[in-house]
Amino acid sequence: MPYELNSDRGFIRHLRIAKGSAGELRTQLYLAVRLKYIPIEQGKILINRSKILSGMIQNFITARRKRALTKIIKKTISIIFFLK
């Protein structure tokens, strides 16, 4: 089981929410730089880190989807051979 969730599908859903939150953070960082709440250079660093984090989460989503698909294929194949 993926952590405390009951399925890969549920875990992937939470990963997508996390990716959305990283995007929202990036928006807030752009605003913070524009409104001069944080220095431009620090803002660029943080924005870049949020982009990297989003990419990592996307890679995790892709890996979990492949894993879930592999499980479905294996289960289907075993059912087909069982029915013969």
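1. In this predicted model, Arg 64 and Asp 8 form a salt bridge in which the closest N and O atoms are 2.7 Å apart. The pair joins distant parts of the chain, since Arg 64 belongs to helix H2 whereas Asp 8 belongs to helix H1, which spans residues 8-34, and 56 residues separate them.

2. Both partners of this pair are buried: Arg 64 has a relative accessibility of 8% and therefore counts as buried, and Asp 8 is buried as well, with a relative accessible area of 7%. The cut-off that matters for this reading is that buried means under 20% relative accessible area.

3. Asp 8 also forms a salt bridge with Arg 67, and here the closest N and O atoms lie 3.9 Å apart. This pair, too, links distant parts of the chain, with Arg 67 in helix H2 and Asp 8 in helix H1, 59 residues apart.

4. Arg 67 has a relative accessibility of 37%, so it counts as partly exposed, whereas Arg 64, at 8%, counts as buried. Taken as a set, Asp 8, Arg 64 and Arg 67 are linked in a network of salt bridges.

5. The structure holds three salt bridges, and one of them is formed by Lys 44 and Glu 41, whose closest N and O atoms are 3.9 Å apart. Both of these residues lie in helix H2, three residues apart, which is about one turn of the helix.

6. Apart from the charged pairs, a nonpolar surface patch deserves a comment: Leu 69, Ile 72, Ile 73, Ile 77 and Phe 81 together make a patch of about 500 Å². Among these residues, Phe 81 has its place in helix H2, which covers residues 40-83, and Phe 81 counts as exposed because its relative accessibility is 57%.

Conventions: Residues are numbered from 1 along each chain as its sequence is written. This is a predicted model: local features need pLDDT of at least 70, side-chain atom pairs count only at pLDDT 80 or more; totals for chains, interfaces and linings use all residues. Side-chain values use heavy atoms; hydrogens and water are left out. Patches are made of residues with over 30% relative accessible area and no salt bridge: like charges are joined within 9 Å, nonpolar side chains (Val, Leu, Ile, Met, Phe, Trp, Tyr) within 5 Å. Accessible areas come from the Shrake-Rupley method with a 1.4 Å probe; for residues, only the protein chains shown count as cover. A salt bridge is a side-chain nitrogen of Lys or Arg within 4 Å of a carboxyl oxygen of Asp or Glu. Helices (H or I, at least four residues) and strands (E, at least two) are DSSP runs, numbered from the N terminus. Buried means under 20% relative accessible area, exposed over 50%, partly exposed in between (1.4 Å probe, protein chains only).
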